[in-house]
Amino acid sequence: MSNHDELQAQGYFLQRSTRAAASAAGQVPPTLDSWMENGTIRLEPKNMGPTGVDVAWLTYQAVFTIEQLPFRELDPAIVLATVAAWVQEHDAVREQFALPDPEYAVTPNDEKTADLEIQLPFTEPLRLVEHPQGPINWLGKRWNVAPYDIWVAEQIDLNVGNTAHHSVRA
């Protein structure tokens, strides 16, 4: 087994989708800002094995604003499509939690620029790792709120009857 290429952390979806929106802007110099609002905490603890524990699920509205977007140079649809593509590729729990679709607004400033706002609901785990000096006391142990590795199998050995079959590496 090896570490997945990304560490999972609180606000992971907000951080990564903000990077996707920024990449869509490319060399164009608009001001991009993002934040969380309207958050809730779903108390559903789950032991994730030696790498940590999900103490709860965070649900929040990610808000992205791009001010002074030069819409004649960069079509807002490119930013919207980039964010939509990122969400569809990376947010595997959207359907499980029946999250609503993103919303957006384009507000013209003048003949050359507009402000773009995208509101995007996310749900992601609030993760803890055991730490002897951690600030959180839970279930008789000390914990830190921190990213931890997600382990993904690269090879699986499958025994069926008296034969052994090796899977292809992922």
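1. Start with asparagine 137, whose bridge partner in β8 is arginine 142. That contact is part of the pairing between strand β7 (residues 136–138) and β8, which run antiparallel and are joined by three bridges. Keep in mind as you look around that this is a predicted model.

2. What sits between β7 and β8? The two strands form a hairpin with two residues between them. Have a look at leucine 139 in this hairpin: it takes a positive phi near 55°.

3. Now follow β8 to its other partner. Strand β8 (residues 141–145) is also joined to β6 by three bridges, and these two run antiparallel.

4. How many bridges pair β5 and β6? There are six, in the antiparallel sense. One example is threonine 107, which has aspartate 115 in β6 as its bridge partner. A hairpin of five residues takes you from β5 to β6.

5. Is β5 mostly tucked away or in the open? Strand β5 (residues 103–108) has six residues and the number buried is zero, so the strand lies largely in the open.

6. Next, the aromatic rings. Searching the whole structure turns up four aromatic pairs. One of them is tyrosine 60 with phenylalanine 122, a tilted pair with 6.0 Å from centre to centre and 55° between the planes. Why does this pair deserve a look? Tyrosine 60 belongs to strand β4 (residues 53–69) and phenylalanine 122 to strand β6 (residues 114–130), so the pair ties together parts that are 62 residues apart in sequence.

7. Phenylalanine 122 has another ring partner, tryptophan 86. Their centres are 6.4 Å apart and their planes meet at 85°; angles over 60 degrees count as edge-to-face, so that is what this pair is called. Here too, distant parts of the chain are linked: tryptophan 86 is in helix α2 (residues 76–90) and phenylalanine 122 in strand β6, 36 residues apart.

8. Phenylalanine 122 is at 0%, so it is buried. Tyrosine 60, at 3%, counts as buried, and so does tryptophan 86, at 10%.

Methods: Residues numbered from 1 in each chain as written. Predicted model: local features only at pLDDT ≥ 70, side-chain atom pairs only at ≥ 80, totals over all residues. Heavy atoms only, no water. Phe/Tyr/Trp six-rings, centres within 6.5 Å; stacked < 30°, edge-to-face > 60°. Helix = DSSP H or I, 4+ residues; strand = E, 2+ residues; numbered from the N terminus. Buried < 20%, exposed > 50% of the residue type's maximum accessible area, 1.4 Å probe, protein only. Pairing = 2+ DSSP bridges.
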